[in-house]
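Subject: Structure handover

Hello,

Here is the structure for you to look over. My notes follow below it.

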Amino acid sequence: MKFGEILRHIKVKNVLIGNGNFENSEIILICSDSRKACGNSVFVCIKGLSSDGHIYAQSAYANGCRIFIAEHELQLPNDATVIVTEDTRKTLATVSQVFYGYPSREIKVIGITGTKGKTTTAQLIYHILLSRGIKAGYIGTNGVSFDGKFFETKNTTPESTELASYMRMMIDAGVRYVALEVSSQAIYLDRIYGIEFDTCIFTNLSPDHIGEKEHPTFEHYRDCKARLFSDYAPKIAIYNADDPASEYMMKNCPSPKFSYSCHGKGDFSTDGEKIEYFRESGKLGIKFDIKVGDKTEHVKLPLPGEYNASNALAAVAACVGAGVSPHDAAVSLENVALKGRFEVVDALPYATFVIDYAHNALSLESVLKTLRKYNPHRLICVFGSVGGRTQMRRAELGKVASEFADFCIITSDNPDNEAPEKIIDEIADAFVKGGADYIKIVSRREAVLTAVHMAQKDDIVLFAGKGHEDYQLVCGKKEYFSERETIIEGAFGMLLGR
C-alpha cells in the first residue's frame with residue numbers, strides 16, 4: 001500500500017518532509033516498536049504509561065525506517081519524513097485499520113470487559129462456537145488462538161496494529177467470530193479505537209488496576225470500561241444483572257440490551273441456590289439449569305463456583321446472539337477445559353492441585369470460598385503478588401488468604417525489579433491474627449515443591465496468581481517457569497519416595 005493512501009486518513013498538523021516522494025513509498029508494515037521497524041515501514045511514536053515512543057525514533061531510523069508519525073518534531077537525519085499529528089495513539093489505530101482493510105467490518109467481534117471473568121467468558125465463547133462448527137478466534141490474556149495457530153501476547157488486549165493484523169489473519173483463515181478480551185487499559189490507551197463491535201459483554205466491576213502506572217482513580221477505571229458501551233455502540237450489549245455497576249455501564253449505551261443473572265432476574269438466568277458441586281475424575285465442577293424464556297437447559301460445567309456459572313451464562317447469551325441454540329450452547333460446555341483457570345492438575349491420587357490466575361483480593365476470595373464447598377481436609381494456598389505496581393493489592397491478598405485458607409505459602413509472582421522479599425513481607429504483614437499459619441519461600445519453584453510434599457489425603461492445594469503464565473518476570477526478563485510441570489515433578493518425586 002502506498003503511504004499516500006494511508007496519509008489521507010490522518011489528521012495532520014504538520015509535515016516535515018525529508019523525501020519529496022514519500023507519498024509514493026510502498027508500505028509493508030505499521031509499527032510502534034522500534035525493534036520491528038525496517039525499510040518501507042511506518043513508525044508511530046506513541047506515549048505509554050511508563051515510556052515514550054518518541055525517544056525510540058532514532059532506533060527505528062537505524063533499522064531502516066524513513067517515515068515517522070509523531071506528536072512533535074523529531075531529531076532525525078534529513079532524509080526522514082515526520083508527520084506531526086495531535087494524537088498518535090488514535091492515529092496508530094486509524095492507520096492500522098486502513099492498512100489491514102478495516103478487518104472488524106468482515107469479522108464479528110465479541111468484546112468482553114469487566115474486572116473478573118473476561119478470560120473465562122471469552123474462552124467459553126470460543127469453545128462453544130468451535131464446538132458447533134463455527135470458525136472462531138480468541139484474543140486475550142491467554143494469547144491469540146485460531147485455526148490451530150497460537151501467538152503469545154504481551155497485554156490482555158494487544159496494541160491496535162497487532163489487533164488489526166491478527167483479525168486480518170483470522171479473516172484470511174475463514175474465521176467468522178472473534179472473542180476479544182477488552183481491558184480498561186486498552187480503552188484508555190485507544191488500542192481498540194476504530195474497531196466495530198458486534199457484541200459487547202460487561203461481567204462485573206470492583207476496584208483494581210489503580211496506581212501510578214495504571215488508572216489514577218477507581219472512577220477513571222470504571223469510566224474507561226463504560227466507554228466500551230457508549231463510545232463503541234455495539235449491535236448488542238449483554239450485561240450482568242447481578243452486578244450493581246451494570247446500570248452505570250449501560251446508562252449511555254444505545255444498543256439493544258440483554259441481561260444474565262445467577263439470581264433469576266436476567267434474560268439468561270439460573271438459581272444460584274440450586275447449583276450443585278461435583279468432584280469426579282480429576283475435575284471440580286458445577287451442575288445448574290439455564291432458563292432462557294420459557295425453556296430450561298441443563299449444564300454440567302467442569303469449572304467450579306457461582307461466578308463460573310455467571311461466566312457461562314454470559315457466554316451462552318453471546319453465542320445465542322451468534323445463532324447457536326441455547327441447548328447446543330449448554331451441551332458444548334460439558335467438555336470445556338481452560339488453561340490456568342481452575343485448572344486441576346491430576347498429579348497425586350490423594351490430593352487435589354488447582355492452578356488459577358486469581359491475582360487480586362476479590363478473585364482470590366472467590367476461589368478460596370468456592371474450594372471450601374468441596375470440603376477439603378485442608379485448604380492450602382500458594383501465592384504472591386507482582387512487583388513494580390499494584391502495591392495496595394498486597395495487603396488485600398494477605399488479609400483474604402489468612403481468613404479463607406488453612407495454611408499459606410507466600411512466595412514470588414513476577415517480582416520484576418522489586419525485591420521479592422519486600423513484597424512477601426508486605427503480604428505477610430496483613431495476615432490477620434488467629435487466621436491461617438504461613439511460611440515464606442522466595443523461590444516459587446521451591447514453594448510449589450514444598451506444597452506438593454506437604455499435601456495430605458483430601459487436601460486441596462491452590463496455586464494462585466500465575467494461571468496460564470509459563471514464566472517468572474525477574475529484573476525485566478522472563479525466566480521460564482511452569483507451575484504445572486513443577487507440580488508433576490514434585491508428585492513424581494513423592495511417588496518415587498524422594
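What follows runs from the whole chain down to single residues.

This is a predicted model: local features need pLDDT of at least 70, side-chain atom pairs count only at pLDDT 80 or more, and totals for chains, interfaces and linings use all residues. Residues are numbered from 1 along each chain as its sequence is written, and side-chain values use heavy atoms, with hydrogens and water left out.

Overall build

The protein chain has 15 helices and 25 strands. Both are DSSP runs numbered from the N terminus: helices are H or I with at least four residues, strands are E with at least two. The radius of gyration is 24 Å, close to the 23 Å that the globule rule gives for 498 residues, so the chain is as compact as a globular protein of that length. That radius is taken over C-alpha atoms, and the rule is 2.2 Å times the number of residues to the power 0.38. The C-alpha trace spans about 75 × 55 × 40 Å along its principal axes.

Buried residues account for 56% of the 498. Buried means under 20% relative accessible area, exposed over 50%, and partly exposed in between (1.4 Å probe, protein chains only). Take contacts between residues at least 6 apart in sequence: 66% of them join residues at least 24 apart. Contact means heavy atoms within 4.5 Å.

Strand β6

Strand β6 covers residues 108-113, and five of its six residues are buried. Strand β10 (residues 177-181) pairs with β6 in the parallel sense, over five bridges. Two strands pair if DSSP finds at least two bridges between them. Here Lys 108 stands opposite Tyr 177 of β10. β6 also runs parallel to β11, joined by four bridges. Thr 113 has Phe 202 in β11 as its bridge partner.

Rings

The whole structure holds 12 aromatic pairs. Rings of Phe, Tyr and Trp (its six-membered ring) pair if their centres lie within 6.5 Å; planes under 30 degrees apart count as stacked, over 60 as edge-to-face, and the rest as tilted. Phe 197 and Tyr 232 make an edge-to-face pair, at 5.8 Å centre to centre and 85 degrees between the planes. This pair links distant parts of the chain, 35 residues apart. Phe 197 is in the loop between α6 (184-188) and β11 (199-202), and Tyr 232 is in the loop between α7 (218-230) and β12 (236-240). Phe 197 counts as buried at 4% relative accessibility. Tyr 232 is buried too, at 12%.

Phe 146, Phe 151 and Tyr 166 are linked into a cluster by ring pairs.

Two arginines sit over rings. Arg 105 lies over the face of Tyr 102, 3.9 Å from the ring centre. The charged end of Arg 222 is over the ring of Tyr 248, 4.1 Å from its centre. The test is NZ of Lys or CZ of Arg within 6 Å of the ring centre and within 35 degrees of the ring normal.

Backbone

Which residues have a positive phi without being a glycine? Ala 233 is one, at about 40 degrees. Ala 233 lies in the loop between α7 and β12, and is partly exposed at 37% relative accessibility. Phe 342 is another, at about 50 degrees. Phe 342 is in the loop between α10 (326-332) and β18 (343-345), and is buried at 4%.

Single sites

- Ser 34 is in the loop between β2 (29-31) and β3 (41-44). Ser 34 is buried at 7% relative accessibility.
- Ser 332 lies in helix α10 and is buried at 3%.
- Val 144 lies in strand β8 (residues 143-146), with a relative accessible area of 0%. Val 144 and Leu 284 are 26 Å apart, C-alpha to C-alpha, and 140 residues apart in sequence.

Best wishes
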